[in-house]
Amino acid sequence: MGILAVSSGPMSSSATVLVSRRETFNAAHVLRDPSLSDEENWRVYGKCANLHGHNYVLEVVVAGEIDPATGYVLDLKLLSDVISTQILEDVDHRNLNTDVPWLAGLVPTAENLAVAFWDRLRSKLPAGSLRTVRLWETDKNWAEVGERL
């Protein structure tokens, strides 16, 4: 969990502050486009065309002004609960190709998953607060989506 505030003096009431929540989940998937032959899928996705799994890390960043009554931009427990109900309960320890109805028909690349997660979170958080969704597929690979990138 991280907080970013850029200020060396007292915060003005109009300062925008970013807060982030990091969650993890484990899931299996196959990168395969059903419209392609087995050979074409192997050419495009390589060994990822086989069933395999990842220990994903999901980072969600929201932005806003600090509420003077609570000191929060957004209660991070609330953010964690939204991430859990909208994403984690459906994807953790699941096969992303077969077990998650809202991912049906999607090649579950990190890029496609990040967009799908963005779409599920956006309507459940205060309007305009969702800044970015970053999904780490491995320690070396991530995809990020956001309106202001």
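A contact here means heavy atoms within 4.5 Å. The model is a predicted one, in which local features need pLDDT of at least 70 and side-chain atom pairs count only at pLDDT 80 or more, while totals for chains, interfaces and linings use all residues. Residues are numbered from 1 along each chain as its sequence is written, and side-chain values use heavy atoms, with hydrogens and water left out.

Colour the chain by secondary structure next, taking helices (H or I, at least four residues) and strands (E, at least two) as DSSP runs numbered from the N terminus. There are 3 helices and 6 strands, and their order from the N terminus is β-β-α-β-α-β-α-β-β. Of the 149 residues, 39% count as buried, where buried means under 20% relative accessible area, exposed over 50% and partly exposed in between, with a 1.4 Å probe and protein chains only.

Now select Phe25, Leu58, Phe117 and Leu121, which touch the most other members of the largest nonpolar core, a group of 32 residues. Such a core is a set of buried Ala, Val, Leu, Ile, Met, Phe, Trp, Tyr and Cys residues joined through side-chain atoms within 4.5 Å. Among the elements that each supply at least two residues of this core are strand E2 (17-29), strand E3 (52-64) and helix H2 (76-91).

Stay on Phe117, which is buried at 0% relative accessibility; its contacts beyond four places in sequence include Ile87, Val91, Trp102 and Val133. Then turn to the aromatic rings: those of Phe, Tyr and Trp (its six-membered ring) pair if their centres lie within 6.5 Å, with planes under 30 degrees apart counted as stacked, over 60 as edge-to-face and the rest as tilted. By this rule there are 4 aromatic pairs. The rings of Phe25 and Phe117 have centres 6.0 Å apart and planes at 70°, so this pair is edge-to-face; Phe25 lies in strand E2 and Phe117 in helix H3, 92 residues apart.

The charged end of Arg120 sits over the ring of Trp102, 4.1 Å from its centre, and that of Arg134 sits over the ring of Trp142, at 3.7 Å. Trp142 itself is partly exposed, at 42% relative accessibility.

How values were computed
A charge sits over a ring if NZ of Lys or CZ of Arg is within 6 Å of the ring centre and within 35 degrees of the ring normal.
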